[in-house]
Amino acid sequence: MAALTLAGGLTLLHAAAGQATQTVVVTMHHSRFQPEVVRVAPGTTVRFLLRNTDPIDHEFILGDDAVQRRHEQGRQREHHGEVPGEVSVAAGGQAATTYTFRQGGPASLQFACHLPGHYAYGMRGVALVSSG
Amino acid sequence: MARRGIVGLLALLVVVLLGAQPALACGGLVGPGGTVQLARTTTLAGYHQGVEHYLTSFTYSGGGAKFGSIVPLPGVPTDVSKGGEWTLQRLIRETQPQLEAAAAPAAFGARSSAEVLLKTRVDALDITILRGGGKAVGDWARERGFGLSVDAPEVLDFYADRSPIFMAASFDARAASARGQRLGDGTPIQLTIPTADAWVPLRILGLGHQPSDAIQADLYLLTDRRPALLPAPAAAGQPGVALERSQPASELLLADLRADKGMSWVPASGMWLSYLRIDTTAGRLFHDLAVDTSGRGSPSPVAAGLVDPTEPLRPVPAPTPPAGGPAPVWPWLAVGLAGATIVAAVALRARARAS
(Lines give C-alpha, C1' and ligand atoms only; values in the text may rest on other atoms or scores of the structure.)
Protein backbone atom coordinates (compact mmCIF):
# COMPACT_ATOMS: atom_id res chain seq x y z
CA MET A 1 0.00 0.00 0.00
CA ALA A 2 2.77 2.31 0.90
CA ALA A 3 4.45 1.39 -2.30
CA LEU A 4 1.32 2.15 -4.20
CA THR A 5 0.99 5.43 -2.50
CA LEU A 6 4.62 6.11 -3.07
CA ALA A 7 4.35 5.05 -6.66
CA GLY A 8 1.31 7.24 -7.12
CA GLY A 9 3.06 10.12 -5.47
CA LEU A 10 6.08 9.70 -7.61
CA THR A 11 3.93 9.68 -10.68
CA LEU A 12 2.27 12.82 -9.69
CA LEU A 13 5.43 14.46 -8.56
CA HIS A 14 7.02 13.49 -11.81
CA ALA A 15 4.15 15.03 -13.72
CA ALA A 16 4.33 18.12 -11.58
CA ALA A 17 8.02 18.38 -12.18
CA GLY A 18 7.39 18.15 -15.87
CA GLN A 19 4.85 20.94 -15.78
CA ALA A 20 6.68 22.96 -13.20
CA THR A 21 4.30 24.86 -10.98
CA GLN A 22 0.74 24.95 -12.18
CA THR A 23 -1.00 28.30 -12.31
CA VAL A 24 -4.63 28.75 -11.41
CA VAL A 25 -6.26 32.12 -12.04
CA VAL A 26 -8.90 33.07 -9.49
CA THR A 27 -10.92 36.23 -10.04
CA MET A 28 -12.45 38.18 -7.20
CA HIS A 29 -15.60 39.83 -8.53
CA HIS A 30 -18.59 41.15 -6.67
CA SER A 31 -17.03 39.79 -3.52
CA ARG A 32 -17.03 36.22 -4.81
CA PHE A 33 -14.34 33.87 -6.02
CA GLN A 34 -14.46 32.67 -9.61
CA PRO A 35 -14.10 29.75 -9.78
CA GLU A 36 -15.37 28.67 -6.43
CA VAL A 37 -14.07 25.11 -6.82
CA VAL A 38 -10.52 24.19 -7.75
CA ARG A 39 -9.39 20.59 -8.26
CA VAL A 40 -5.79 19.69 -7.65
CA ALA A 41 -3.83 16.48 -7.42
CA PRO A 42 -1.95 15.62 -4.25
CA GLY A 43 1.62 16.75 -4.40
CA THR A 44 0.87 19.54 -6.81
CA THR A 45 2.38 22.95 -6.36
CA VAL A 46 -0.08 25.59 -7.46
CA ARG A 47 0.57 29.26 -8.05
CA PHE A 48 -2.70 31.05 -7.43
CA LEU A 49 -2.88 34.21 -9.51
CA LEU A 50 -5.53 36.38 -7.91
CA ARG A 51 -7.22 39.18 -9.80
CA ASN A 52 -9.41 41.57 -7.86
CA THR A 53 -11.86 43.42 -10.11
CA ASP A 54 -13.70 45.01 -7.20
CA PRO A 55 -13.23 48.53 -5.82
CA ILE A 56 -12.64 47.06 -2.38
CA ASP A 57 -9.77 45.10 -0.92
CA HIS A 58 -9.91 41.34 -0.60
CA GLU A 59 -7.66 38.55 0.60
CA PHE A 60 -7.05 34.93 -0.27
CA ILE A 61 -6.56 32.59 2.64
CA LEU A 62 -6.10 28.91 1.83
CA GLY A 63 -6.17 26.35 4.58
CA ASP A 64 -8.12 23.97 6.72
CA ASP A 65 -10.93 24.83 9.11
CA ALA A 66 -8.53 25.84 11.85
CA VAL A 67 -6.78 28.28 9.55
CA GLN A 68 -10.08 29.77 8.46
CA ARG A 69 -11.28 30.13 12.03
CA ARG A 70 -8.08 31.79 13.08
CA HIS A 71 -8.31 34.36 10.33
CA GLU A 72 -12.00 34.93 10.81
CA GLN A 73 -11.43 35.71 14.46
CA GLY A 74 -8.11 37.40 14.11
CA ARG A 75 -7.25 40.99 13.47
CA GLN A 76 -4.49 40.62 10.93
CA ARG A 77 -5.58 42.49 7.82
CA GLU A 78 -2.44 42.51 5.76
CA HIS A 79 -0.89 39.42 4.19
CA HIS A 80 2.19 40.06 2.16
CA GLY A 81 2.72 36.56 0.92
CA GLU A 82 5.18 35.32 3.52
CA VAL A 83 2.83 32.47 4.41
CA PRO A 84 2.09 30.12 1.50
CA GLY A 85 -1.56 30.37 0.48
CA GLU A 86 -2.17 33.67 2.23
CA VAL A 87 -2.09 37.00 0.45
CA SER A 88 -3.93 40.32 0.38
CA VAL A 89 -5.20 41.64 -2.92
CA ALA A 90 -5.76 45.37 -3.14
CA ALA A 91 -8.80 46.83 -4.86
CA GLY A 92 -8.36 46.52 -8.60
CA GLY A 93 -5.05 44.78 -8.15
CA GLN A 94 -3.60 41.35 -8.43
CA ALA A 95 -1.34 39.19 -6.36
CA ALA A 96 -0.05 35.65 -6.30
CA THR A 97 0.68 33.01 -3.73
CA THR A 98 2.09 29.56 -4.14
CA TYR A 99 0.97 26.53 -2.19
CA THR A 100 1.93 22.88 -2.28
CA PHE A 101 -0.86 20.38 -1.68
CA ARG A 102 1.13 17.73 0.09
CA GLN A 103 0.63 14.03 -0.26
CA GLY A 104 -1.50 12.63 2.54
CA GLY A 105 -2.96 16.00 3.33
CA PRO A 106 -6.62 16.92 3.68
CA ALA A 107 -8.97 15.93 0.89
CA SER A 108 -10.12 19.48 0.68
CA LEU A 109 -9.06 22.91 1.79
CA GLN A 110 -11.03 26.07 1.85
CA PHE A 111 -10.00 29.41 0.47
CA ALA A 112 -11.74 32.50 1.74
CA CYS A 113 -11.61 36.20 2.41
CA HIS A 114 -11.81 37.18 6.05
CA LEU A 115 -12.02 40.92 5.81
CA PRO A 116 -14.97 42.04 7.93
CA GLY A 117 -18.22 40.63 6.62
CA HIS A 118 -16.71 39.03 3.51
CA TYR A 119 -16.80 35.41 4.66
CA ALA A 120 -20.37 35.70 5.84
CA TYR A 121 -21.28 37.31 2.52
CA GLY A 122 -20.14 34.10 0.83
CA MET A 123 -16.63 34.93 -0.27
CA ARG A 124 -15.26 31.43 -0.02
CA GLY A 125 -14.34 28.49 -2.21
CA VAL A 126 -12.90 25.01 -1.96
CA ALA A 127 -9.84 23.25 -3.28
CA LEU A 128 -10.57 19.55 -3.78
CA VAL A 129 -7.45 17.47 -3.48
CA SER A 130 -7.68 14.14 -5.26
CA SER A 131 -5.84 12.21 -7.89
CA GLY A 132 -9.04 11.16 -9.59
CA MET B 1 -40.47 59.11 -25.37
CA ALA B 2 -42.85 61.94 -26.24
CA ARG B 3 -45.39 60.74 -23.80
CA ARG B 4 -42.95 61.28 -21.05
CA GLY B 5 -43.16 64.96 -21.64
CA ILE B 6 -46.65 65.19 -20.29
CA VAL B 7 -46.17 63.26 -17.16
CA GLY B 8 -44.85 64.30 -13.86
CA LEU B 9 -43.65 62.35 -10.97
CA LEU B 10 -42.94 63.45 -7.54
CA ALA B 11 -41.63 60.91 -5.21
CA LEU B 12 -40.72 61.09 -1.63
CA LEU B 13 -39.05 58.41 0.24
CA VAL B 14 -38.55 58.59 3.90
CA VAL B 15 -36.00 56.11 4.88
CA VAL B 16 -36.70 54.26 7.99
CA LEU B 17 -33.92 51.96 8.94
CA LEU B 18 -34.45 51.45 12.56
CA GLY B 19 -33.31 47.90 12.55
CA ALA B 20 -30.41 48.63 10.30
CA GLN B 21 -28.99 51.44 12.28
CA PRO B 22 -26.79 49.40 14.57
CA ALA B 23 -25.42 47.46 11.64
CA LEU B 24 -24.52 50.63 9.87
CA ALA B 25 -22.92 52.05 12.91
CA CYS B 26 -20.81 48.95 13.22
CA GLY B 27 -20.25 48.93 9.53
CA GLY B 28 -18.33 52.11 9.28
CA LEU B 29 -20.02 55.31 10.23
CA VAL B 30 -17.35 55.58 12.82
CA GLY B 31 -14.13 57.27 11.94
CA PRO B 32 -10.95 58.24 13.68
CA GLY B 33 -12.20 61.76 14.32
CA GLY B 34 -15.31 60.76 16.19
CA THR B 35 -18.69 59.33 15.56
CA VAL B 36 -21.20 60.57 13.06
CA GLN B 37 -24.54 59.04 12.49
CA LEU B 38 -26.82 60.04 9.70
CA ALA B 39 -29.95 59.93 11.76
CA ARG B 40 -32.47 60.40 9.04
CA THR B 41 -32.60 61.10 5.38
CA THR B 42 -35.65 62.16 3.50
CA THR B 43 -35.79 62.46 -0.24
CA LEU B 44 -38.20 63.73 -2.78
CA ALA B 45 -37.79 63.17 -6.47
CA GLY B 46 -40.07 64.55 -9.11
CA TYR B 47 -40.41 64.32 -12.84
CA HIS B 48 -42.30 66.88 -14.83
CA GLN B 49 -42.05 67.56 -18.54
CA GLY B 50 -38.89 65.59 -18.90
CA VAL B 51 -37.08 67.08 -15.95
CA GLU B 52 -36.35 65.41 -12.70
CA HIS B 53 -36.55 67.51 -9.55
CA TYR B 54 -34.84 65.80 -6.74
CA LEU B 55 -34.87 66.96 -3.16
CA THR B 56 -33.22 65.16 -0.31
CA SER B 57 -32.26 66.13 3.18
CA PHE B 58 -29.37 64.91 5.24
CA THR B 59 -29.67 65.06 8.98
CA TYR B 60 -26.87 64.14 11.31
CA SER B 61 -26.81 63.28 14.96
CA GLY B 62 -23.39 64.52 15.85
CA GLY B 63 -19.76 63.56 16.01
CA GLY B 64 -16.62 64.73 14.35
CA ALA B 65 -15.88 62.21 11.68
CA LYS B 66 -16.46 62.42 7.98
CA PHE B 67 -18.93 60.18 6.29
CA GLY B 68 -20.60 60.04 2.98
CA SER B 69 -23.44 58.73 0.97
CA ILE B 70 -23.81 57.73 -2.66
CA VAL B 71 -27.07 57.91 -4.53
CA PRO B 72 -27.68 56.54 -8.01
CA LEU B 73 -29.19 59.10 -10.41
CA PRO B 74 -31.04 58.65 -13.72
CA GLY B 75 -29.19 61.46 -15.47
CA VAL B 76 -26.73 64.31 -15.19
CA PRO B 77 -28.00 67.21 -13.07
CA THR B 78 -27.91 70.69 -14.55
CA ASP B 79 -28.18 72.29 -11.15
CA VAL B 80 -27.45 71.35 -7.57
CA SER B 81 -28.45 73.80 -4.91
CA LYS B 82 -29.86 74.12 -1.46
CA GLY B 83 -33.44 73.02 -1.44
CA GLY B 84 -36.55 74.34 0.17
CA GLU B 85 -36.87 74.09 3.89
CA TRP B 86 -40.21 72.49 4.41
CA THR B 87 -41.35 70.68 1.28
CA LEU B 88 -40.42 67.27 2.64
CA GLN B 89 -42.17 67.84 5.91
CA ARG B 90 -45.26 69.13 4.14
CA LEU B 91 -45.50 66.01 2.02
CA ILE B 92 -45.14 63.81 5.02
CA ARG B 93 -47.80 65.69 6.87
CA GLU B 94 -50.13 65.45 3.90
CA THR B 95 -49.89 61.73 3.56
CA GLN B 96 -48.75 60.42 6.87
CA PRO B 97 -49.66 62.71 9.75
CA GLN B 98 -48.77 60.10 12.34
CA LEU B 99 -45.44 59.22 10.85
CA GLU B 100 -42.97 58.32 13.51
CA ALA B 101 -39.48 59.63 13.41
CA ALA B 102 -37.18 57.34 11.55
CA ALA B 103 -33.53 56.75 11.50
CA ALA B 104 -31.61 56.48 8.29
CA PRO B 105 -27.95 56.10 7.72
CA ALA B 106 -25.96 57.03 4.73
CA ALA B 107 -25.80 55.96 1.19
CA PHE B 108 -22.82 56.40 -1.23
CA GLY B 109 -21.07 56.06 -4.27
CA ALA B 110 -18.41 54.00 -13.13
CA ARG B 111 -15.07 53.70 -17.28
CA SER B 112 -11.81 53.05 -15.70
CA SER B 113 -12.05 56.14 -13.53
CA ALA B 114 -15.02 58.17 -12.46
CA GLU B 115 -15.57 61.49 -14.18
CA VAL B 116 -16.45 64.35 -11.90
CA LEU B 117 -19.25 66.25 -13.59
CA LEU B 118 -20.06 68.73 -10.91
CA LYS B 119 -18.87 69.71 -7.47
CA THR B 120 -20.55 72.03 -5.07
CA ARG B 121 -20.89 72.61 -1.38
CA VAL B 122 -24.13 73.15 0.43
CA ASP B 123 -23.68 74.00 4.07
CA ALA B 124 -21.59 71.17 5.49
CA LEU B 125 -22.25 68.84 2.58
CA ASP B 126 -19.76 68.37 -0.23
CA ILE B 127 -21.74 67.23 -3.25
CA THR B 128 -20.07 65.55 -6.20
CA ILE B 129 -21.84 64.29 -9.30
CA LEU B 130 -19.96 61.39 -10.83
CA ARG B 131 -20.19 59.45 -14.05
CA GLY B 132 -18.64 56.03 -14.18
CA GLY B 133 -19.09 52.32 -13.69
CA GLY B 134 -19.60 50.75 -10.34
CA LYS B 135 -15.92 50.03 -9.88
CA ALA B 136 -14.84 53.52 -10.89
CA VAL B 137 -17.26 55.15 -8.51
CA GLY B 138 -16.21 52.78 -5.79
CA ASP B 139 -12.56 53.58 -6.48
CA TRP B 140 -13.32 57.29 -6.32
CA ALA B 141 -14.91 56.90 -2.92
CA ARG B 142 -12.21 54.64 -1.55
CA GLU B 143 -9.45 56.99 -2.67
CA ARG B 144 -11.13 59.69 -0.62
CA GLY B 145 -10.95 57.73 2.56
CA PHE B 146 -14.26 55.97 2.55
CA GLY B 147 -14.82 52.28 2.74
CA LEU B 148 -17.44 50.30 0.91
CA SER B 149 -19.44 47.43 2.29
CA VAL B 150 -18.84 43.95 0.94
CA ASP B 151 -21.94 44.06 -1.25
CA ALA B 152 -21.14 47.48 -2.71
CA PRO B 153 -19.31 46.21 -5.83
CA GLU B 154 -22.35 44.26 -6.97
CA VAL B 155 -24.88 46.90 -5.99
CA LEU B 156 -22.97 49.75 -7.65
CA ASP B 157 -22.71 47.71 -10.86
CA PHE B 158 -26.41 46.93 -10.60
CA TYR B 159 -27.12 50.65 -10.88
CA ALA B 160 -24.28 51.65 -13.19
CA ASP B 161 -25.46 49.16 -15.80
CA ARG B 162 -28.62 51.26 -16.11
CA SER B 163 -27.36 54.74 -15.31
CA PRO B 164 -23.70 55.53 -14.65
CA ILE B 165 -24.54 58.70 -12.75
CA PHE B 166 -24.14 58.92 -9.00
CA MET B 167 -24.29 61.63 -6.42
CA ALA B 168 -21.76 61.43 -3.63
CA ALA B 169 -22.56 63.48 -0.59
CA SER B 170 -19.80 63.84 1.92
CA PHE B 171 -20.79 65.27 5.26
CA ASP B 172 -18.25 67.21 7.24
CA ALA B 173 -19.47 67.17 10.80
CA ARG B 174 -16.79 69.56 11.96
CA ALA B 175 -17.90 72.06 9.36
CA ALA B 176 -21.45 71.56 10.51
CA SER B 177 -20.44 72.27 14.04
CA ALA B 178 -18.50 75.35 12.97
CA ARG B 179 -21.58 76.57 11.16
CA GLY B 180 -23.60 76.24 14.30
CA GLN B 181 -25.68 73.39 13.00
CA ARG B 182 -27.28 71.50 15.80
CA LEU B 183 -27.99 67.85 16.18
CA GLY B 184 -31.00 66.93 14.14
CA ASP B 185 -30.66 69.83 11.74
CA GLY B 186 -31.13 68.75 8.15
CA THR B 187 -29.61 70.09 4.96
CA PRO B 188 -31.99 69.90 2.00
CA ILE B 189 -30.38 69.37 -1.39
CA GLN B 190 -32.23 69.85 -4.64
CA LEU B 191 -31.13 68.50 -8.01
CA THR B 192 -32.62 69.32 -11.40
CA ILE B 193 -32.11 66.40 -13.77
CA PRO B 194 -33.33 66.30 -17.36
CA THR B 195 -34.02 62.66 -17.96
CA ALA B 196 -36.29 60.35 -19.85
CA ASP B 197 -35.81 57.50 -17.48
CA ALA B 198 -37.35 57.22 -14.10
CA TRP B 199 -37.08 54.70 -11.38
CA VAL B 200 -37.00 54.61 -7.66
CA PRO B 201 -33.95 52.80 -6.36
CA LEU B 202 -35.04 50.45 -3.62
CA ARG B 203 -32.33 47.82 -3.67
CA ILE B 204 -29.75 50.27 -2.45
CA LEU B 205 -31.67 50.46 0.81
CA GLY B 206 -30.25 47.08 1.64
CA LEU B 207 -26.68 48.04 0.99
CA GLY B 208 -24.40 46.98 3.77
CA HIS B 209 -27.08 44.94 5.47
CA GLN B 210 -27.48 41.28 6.20
CA PRO B 211 -30.22 39.62 4.11
CA SER B 212 -32.40 39.24 7.19
CA ASP B 213 -32.10 42.89 8.24
CA ALA B 214 -35.36 44.77 8.25
CA ILE B 215 -35.76 47.54 5.71
CA GLN B 216 -38.53 50.01 6.29
CA ALA B 217 -39.21 53.13 4.29
CA ASP B 218 -42.01 55.35 3.09
CA LEU B 219 -42.26 56.34 -0.53
CA TYR B 220 -44.52 59.06 -1.85
CA LEU B 221 -45.28 59.57 -5.53
CA LEU B 222 -47.02 62.56 -7.04
CA THR B 223 -47.73 62.13 -10.73
CA ASP B 224 -49.83 63.70 -13.45
CA ARG B 225 -51.97 60.63 -13.52
CA ARG B 226 -52.36 57.41 -11.64
CA PRO B 227 -49.06 55.59 -12.12
CA ALA B 228 -48.43 52.01 -13.13
CA LEU B 229 -45.81 50.42 -10.93
CA LEU B 230 -43.46 47.49 -11.35
CA PRO B 231 -43.21 45.33 -9.38
CA ALA B 232 -46.91 45.69 -8.75
CA PRO B 233 -47.26 46.65 -5.10
CA ALA B 234 -48.96 44.55 -2.49
CA ALA B 235 -52.27 45.56 -1.03
CA ALA B 236 -52.41 48.00 1.84
CA GLY B 237 -51.32 46.50 5.10
CA GLN B 238 -49.35 43.70 3.52
CA PRO B 239 -45.60 43.23 3.99
CA GLY B 240 -43.22 44.05 1.19
CA VAL B 241 -43.85 47.15 -0.92
CA ALA B 242 -47.46 47.98 -0.24
CA LEU B 243 -49.63 50.65 -1.81
CA GLU B 244 -51.19 52.26 1.21
CA ARG B 245 -52.82 55.24 -0.46
CA SER B 246 -53.67 56.19 -4.04
CA GLN B 247 -55.71 59.34 -4.58
CA PRO B 248 -55.79 62.73 -6.31
CA ALA B 249 -53.41 65.23 -4.73
CA SER B 250 -55.19 68.11 -3.10
CA GLU B 251 -54.71 71.54 -4.59
CA LEU B 252 -53.82 72.78 -1.14
CA LEU B 253 -50.90 70.38 -0.98
CA LEU B 254 -49.70 71.39 -4.42
CA ALA B 255 -49.98 75.05 -3.56
CA ASP B 256 -47.99 74.54 -0.39
CA LEU B 257 -45.26 72.66 -2.22
CA ARG B 258 -45.12 75.22 -4.99
CA ALA B 259 -44.59 77.98 -2.47
CA ASP B 260 -41.37 76.49 -1.13
CA LYS B 261 -37.95 77.44 -2.42
CA GLY B 262 -37.17 75.84 -5.77
CA MET B 263 -40.55 74.16 -6.02
CA SER B 264 -42.26 76.36 -8.58
CA TRP B 265 -42.19 73.52 -11.07
CA VAL B 266 -44.98 71.74 -9.19
CA PRO B 267 -48.22 71.93 -11.18
CA ALA B 268 -51.15 73.72 -9.60
CA SER B 269 -53.56 70.85 -10.01
CA GLY B 270 -54.28 67.53 -11.58
CA MET B 271 -51.70 65.35 -9.86
CA TRP B 272 -52.09 61.93 -8.35
CA LEU B 273 -50.73 61.05 -4.94
CA SER B 274 -49.52 57.56 -4.07
CA TYR B 275 -48.06 56.38 -0.82
CA LEU B 276 -46.09 53.16 -0.68
CA ARG B 277 -44.85 51.63 2.52
CA ILE B 278 -41.78 49.45 2.37
CA ASP B 279 -41.57 46.85 5.09
CA THR B 280 -39.34 43.99 4.08
CA THR B 281 -35.85 42.58 4.48
CA ALA B 282 -32.68 43.45 2.63
CA GLY B 283 -32.61 39.99 1.07
CA ARG B 284 -36.03 40.46 -0.47
CA LEU B 285 -35.37 43.94 -1.74
CA PHE B 286 -33.48 42.83 -4.82
CA HIS B 287 -35.27 45.22 -7.17
CA ASP B 288 -36.13 48.86 -7.72
CA LEU B 289 -39.47 50.42 -8.56
CA ALA B 290 -40.37 51.41 -12.12
CA VAL B 291 -43.07 54.05 -12.53
CA ASP B 292 -45.06 54.67 -15.69
CA THR B 293 -47.32 57.70 -15.75
CA SER B 294 -47.96 57.63 -19.49
CA GLY B 295 -51.31 55.98 -19.05
CA ARG B 296 -50.19 52.91 -20.97
CA GLY B 297 -49.56 50.91 -17.87
CA SER B 298 -46.18 49.71 -18.97
CA PRO B 299 -43.36 50.40 -16.54
CA SER B 300 -40.06 48.91 -17.59
CA PRO B 301 -38.77 45.62 -16.19
CA VAL B 302 -35.28 46.98 -16.80
CA ALA B 303 -36.02 50.14 -14.85
CA ALA B 304 -37.39 47.99 -12.08
CA GLY B 305 -34.13 46.10 -11.93
CA LEU B 306 -35.89 42.86 -12.80
CA VAL B 307 -34.01 42.37 -16.06
CA ASP B 308 -30.31 42.72 -16.53
CA PRO B 309 -29.86 45.49 -19.14
CA THR B 310 -26.64 43.92 -20.32
CA GLU B 311 -28.43 40.65 -20.89
CA PRO B 312 -32.04 41.61 -21.66
CA LEU B 313 -33.35 38.09 -21.75
CA ARG B 314 -31.93 37.11 -18.42
CA PRO B 315 -34.02 38.01 -15.43
CA VAL B 316 -32.30 39.13 -12.29
CA PRO B 317 -32.39 36.33 -9.71
CA ALA B 318 -35.36 36.95 -7.52
CA PRO B 319 -35.50 35.61 -3.99
CA THR B 320 -39.23 36.16 -3.92
CA PRO B 321 -41.72 37.00 -6.63
CA PRO B 322 -43.05 40.55 -6.69
CA ALA B 323 -46.13 41.05 -4.61
CA GLY B 324 -49.39 41.88 -6.29
CA GLY B 325 -50.78 40.95 -9.64
CA PRO B 326 -49.05 39.89 -12.78
CA ALA B 327 -46.55 42.32 -14.10
CA PRO B 328 -47.48 43.96 -17.36
CA VAL B 329 -44.93 44.17 -20.13
CA TRP B 330 -43.61 47.69 -20.30
CA PRO B 331 -41.20 49.68 -22.35
CA TRP B 332 -38.34 51.48 -20.78
CA LEU B 333 -39.92 54.61 -19.53
CA ALA B 334 -39.12 55.87 -16.25
CA VAL B 335 -39.80 58.92 -14.51
CA GLY B 336 -38.23 60.17 -11.52
CA LEU B 337 -35.59 58.88 -9.42
CA ALA B 338 -36.83 58.86 -6.14
CA GLY B 339 -34.32 56.50 -5.51
CA ALA B 340 -31.91 58.53 -4.08
CA THR B 341 -34.25 58.58 -1.62
CA ILE B 342 -32.90 55.80 -0.38
CA VAL B 343 -30.25 57.19 1.15
CA ALA B 344 -29.38 54.63 3.31
CA ALA B 345 -27.51 52.21 1.85
CA VAL B 346 -24.21 52.42 0.57
CA ALA B 347 -22.62 53.67 3.47
CA LEU B 348 -19.28 54.64 2.40
CA ARG B 349 -17.73 54.35 5.63
CA ALA B 350 -14.61 55.72 7.02
CA ARG B 351 -12.05 53.21 6.19
CA ALA B 352 -11.27 51.74 9.52
CA ARG B 353 -10.67 48.19 8.70
CA ALA B 354 -8.27 47.82 11.50
CA SER B 355 -10.98 48.57 14.01
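Author: Strands are DSSP runs of E of at least two residues, helices are runs of H or I of at least four, and both are numbered from the N terminus; two strands pair if DSSP finds at least two bridges between them. This is a predicted model, in which local features need pLDDT of at least 70 and side-chain atom pairs count only at pLDDT 80 or more, while totals for chains, interfaces and linings use all residues. Residues are numbered from 1 along each chain as its sequence is written, and chains are lettered from A and ligands numbered from 1 in the order in which they are written.

β17(B) covers residues 272-281, and it is largely enclosed by the rest of the structure because eight of its ten residues are buried. A residue is buried if 20 or more other C-beta atoms lie within 10 Å of its own, exposed if 12 or fewer, and partly exposed in between, with C-beta atoms placed from the backbone. Chain B has 355 residues, of which 58% are buried. The chain contains six helices and 19 strands.

Helix α4(B) is mostly covered as well, with eight of nine residues buried. Among them are Pro153(B), Leu156(B), Asp157(B) and Phe158(B).

The contact between the chains involves 13 residues from chain B and 14 residues from chain A, where two residues are in contact if their C-beta atoms, placed from the backbone, lie within 7 Å. On the side of chain B that touches chain A, α3 (134-143) and α4 (152-160) are the elements that give two or more residues. α3(B) gives the most, four residues.

The largest nonpolar core has 71 residues, and those touching the most other members are Val137(B), Phe166(B), Met167(B), Leu289(B) and Ala290(B). A separate core of 22 residues includes Phe60(A), Ile61(A), Met123(A) and Val129(A). Such a core is a set of buried Ala, Val, Leu, Ile, Met, Phe, Trp, Tyr and Cys residues joined through C-beta atoms within 7 Å.
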